[in-house]
Amino acid sequence: MHLCLRAGGGAVNIGVEIAGVGMHAFGRFDGLTVTQLGVAAVKQALADAGVPRGGFQAAFCGTVYSGVAAGHKVLTALGMSGAPIVNVEAGCASGGAALGLGVEAIRSGRCDTVLVFGIEKMPKGIIRSSFFEPWREEAGLAVTPAYFALRAQRLMRDSDVTREQLAAVSVKNHANGVANPYAMFRKPLTLAQVLDSPVVCEPLTLYMLCSPNEGAAAVVLRRTKGAAAGRVVVRAAALRSHLPGSVLGEHTPMSGLLDDDLPSPTELAARAAYEDAGIGPEDLQVVEVQDTDAGRELLSCEELGLCAKGGAGRLVAERRSEMGGPLPVNPSGGLLSKGEPLGASALGQIVELYWQLRGEAGARQVPGARLALGHTVGRGANASVVLLEGR
Amino acid sequence: MQTVPVTAGLFTLGAAASLLAASCVACARWHFPASPDCPYCSADGCETRAVSGGATLWLYTGVRNRPPGYAGEVPFGFGVVELAEGLRIVTRLTEADPAALRAGMAMRFVVAPLHVDSEGRQVCTYAFAPGEAP
């Protein structure tokens, strides 16, 4: 991760690969603590990578709601403490931020192997956040889905997106999620079911919104040595926050300016990541994007350059992002199907993309996937864009 | 019944009730809620002033389910209005039915009741209602 914008560009091989991954399913697990979820994912990732106890020189844990020293508790339970453990909170992008720090720790030469994991156990219902002052909750100005609804309305207006097309995004992701054993919702939905589900905030219905839930994901990063086939290399891991001025966005301010030309945090992170890797959106074969709601997925596609600005309606109409289309988006089922455990969601994408790039994604496999993008954006605002290459 | 604002500094009460925002002495841009520090250009010394109260509706939705931490009535309207000062403000709308609203319609600042607190006071907040400002 680069903490400042770099001049110039060109292909940079940052020499970090994913050595192994682990995942605890996303869902509701009443009998398990967040520490236990993390232990399961971390053990699996270390075993997958063949990394023994003491085999990593730093650990970064993404989480938002898990309280004090949550990552320490996971590694303490496993008897694997001693190395630096850093807990990272960057909203929905926490896992992406943790991954970026892990990549940087290796690139700096300080570490050969780094453990990165994300854990979460969300309260049920509308996400309540200490981000909002109490008076904003009291006045009804802290309703997260209402902010999503305003953004969706703007997208419908600016990009000729219909209500049916918003529903189609949810239908697509739920169809993809049927094949994902790590997803919370594994039933297909029809367009009518999505449109007829209860309205939460116009234009968004219940099935157009993801459910906060629980889960964990872990990734072992390692300095790339040699040129063996079958490895997955991190080409870029960028994190950006918002620029001042816009009123709509995951930074949810109370006011903003009449200025629509400001790049969003996702656009900033995407620009940095593409520049670091020396590739563009046209080079990608598989993508996982933030789909907190159906509108967010379409806006993410525009911001990442997967379609033109204002082209989200056409993207859906031409079915370009469906499985079998030219660039499948969220083959895992996305957050709409998996649910959203904030700190784990970004690394859940990375785990999915690792499997995709190794041809190990089973019924969800995107054939011939070689370059992949993972994107998360959330409270702060924070946006992370990760580019992976399978070799 | 005594009327109190949901928090201090957002608006004034009484016959000449008005919404308060701040204008930056360096870049002349407005922000809300008012703070001495400019959230756009980082200058300090922003001046708090009453805004005209006239606005047009930009984005809108309705909140149907009672959100956590909220003590007022549901449903209620929620949206973004554009002030003549070049400022977009996140606000409650007095109209809870989105079908009764349309983008670009004239809106005006009002003080809206929220709930009665444990001391028997009427807690109120700023909101925007359809119609021209007086």
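**Notebook: helix contact, sheet and chain contact**

I looked up where α5(A) meets α9(A): A:F148, A:R151, A:A152, A:L155 and A:S159 meet A:G295, A:R296, A:L298, A:L299 and A:E302. Contact here is C-beta atoms, placed from the backbone, within 7 Å; helices (H or I, at least four residues) and strands (E, at least two) are DSSP runs numbered from the N terminus. By class, this contact has 5 nonpolar, 2 polar and 3 charged residues (Ala, Val, Leu, Ile, Met, Phe, Trp, Tyr, Cys and Pro count as nonpolar, Asp, Glu, Lys and Arg as charged, the others, Gly among them, as polar).

I noted that the model is predicted: local features need pLDDT of at least 70, side-chain atom pairs pLDDT 80 or more, and totals for chains, interfaces and linings use all residues. Residues are numbered from 1 along each chain as written, with chains lettered from A and ligands numbered from 1 in written order.

I checked the axes of α5 (144-159) and α9 (294-303) of chain A, which come within 9 Å and cross at roughly 55 degrees (lines fitted to C-alpha atoms over the stretch in contact, angles from 0 to 180 degrees between N-to-C directions).

I then turned to chain B and found an open sheet of 3 strands, ordered β3-β2-β4, with antiparallel pairing (pairing needs at least two DSSP bridges). Its edge strands are β3 (30-31) and β4 (47-50). Between β2 (20-23) and β4 of chain B I found 4 bridges, and B:A21 has B:R49 as bridge partner.

Last, I looked up the chain contact, which takes 33 residues from chain B and 27 from chain A. β9 (255-257) of chain A pairs antiparallel with β7(B) over 3 bridges, and A:S255 stands opposite B:I89.

Conventions: Two residues are in contact if their C-beta atoms, placed from the backbone, lie within 7 Å.
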